[in-house]
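Me: I would like to understand the words used for a structure like this one. Please set each value against its definition before you conclude.

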Amino acid sequence: GEVMGAQTLHMVVTSLVTRHEVKKALELLYRMIDEPVTPLLITFVVLIHACVKSSLHHEAIATFDLLWDMGLAPSLDTFNSVLFSVSRVGDVGKFRAILNM
């Protein structure tokens with residue numbers, strides 16, 4: 001079938017997050033990247049914040065890494081959220097790496 005675009009992906013992800021289906025939203029994000037669809041920065045931001053709020057700290061970090069690898073520039077607020085997750089999992093090396101980005 002037709003692959004959804006970045007805007008539609010964002011709307012679906014936001015809807016899933018609103019219904020507390022964060023893992024389902026993450027699966028959709030990864031499926032779309034494989035299509036390949038380049039998600040909007042705001043889609044990553046919504047997911048990172050939802051992961052942190054849901055205590056899915058490893059997922060928040062992985063989503064942040066993906067955002068960074070795609071050349072997108074996160075806001076200070078998103079950096080703070082992912083640093084919180086990194087501190088929760090106790091990864092000092094990752095914490096330092098993010099601070100040096």
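Me: Where is H10 found, and what makes that element a helix?
Reply: H10 is found in helix α1, and the name follows from DSSP, where helices are runs of H or I of at least four residues and strands are runs of E of at least two, numbered from the N terminus. The model is predicted, so local features need pLDDT of at least 70 and side-chain atom pairs count only at pLDDT 80 or more, whereas totals for chains, interfaces and linings use all residues. Residues are numbered from 1 along each chain as its sequence is written, and side-chain values use heavy atoms, with hydrogens and water left out.

Me: Why is H10 called buried?
Reply: The relative accessible area of H10 is 13%, and buried means under 20%, exposed over 50% and partly exposed in between, with a 1.4 Å probe and protein chains only. H10 therefore counts as buried.

Me: Which residues is H10 in contact with, and what makes that a contact?
Reply: Leaving aside neighbours within four places in sequence, H10 is in contact with L40, I42, T43 and V46, where contact means heavy atoms within 4.5 Å.

Me: What can be said about V52, and why is V52 called buried?
Reply: V52 lies in helix α3, and because its relative accessibility is 15%, V52 counts as buried. Not counting residues up to four places away in sequence, V52 touches H57, A60, S81, F84 and S85. V52 and V86 are 34 residues apart in sequence, while their C-alpha atoms are 10.0 Å apart in space.

Me: How many aromatic pairs does a search of the whole structure find, and what makes two rings a pair?
Reply: The search finds 3 aromatic pairs. Rings of Phe, Tyr and Trp (its six-membered ring) pair if their centres lie within 6.5 Å, and planes under 30 degrees apart count as stacked, over 60 as edge-to-face and the rest as tilted. F64 and W68 form one of these pairs, with 6.2 Å centre to centre and 20° between the planes, and this pair is stacked.

Me: What stands out about the phi of H20 and of S55?
Reply: Phi of H20 is near 60°, a positive value in a residue other than glycine, and phi of S55 is also near 60°. Most residues other than glycine have a negative phi, and most peptide bonds are trans. H20 lies in the loop between α1 (6-18) and α2, and because its relative accessibility is 68%, H20 counts as exposed. S55 lies in the loop between α3 and α4 (57-69), and at 52% relative accessibility S55 counts as exposed as well.

Me: Which peptide bond is cis, and where does P36 lie?
Reply: A cis peptide bond joins E35 and P36, with omega about 5°, and P36 lies in the loop between α2 (22-34) and α3 (41-53).

Me: How many helices and strands does the chain have, and how do you know that its radius of gyration agrees with a compact globule?
Reply: The chain has 6 helices and 0 strands. The radius of gyration is taken over C-alpha atoms, and the globule rule is 2.2 Å times the number of residues to the power 0.38. With 101 residues, a compact globule would have a radius near 13 Å, and the chain has 13 Å, so the two agree. Buried residues make up 41% of the 101 residues.
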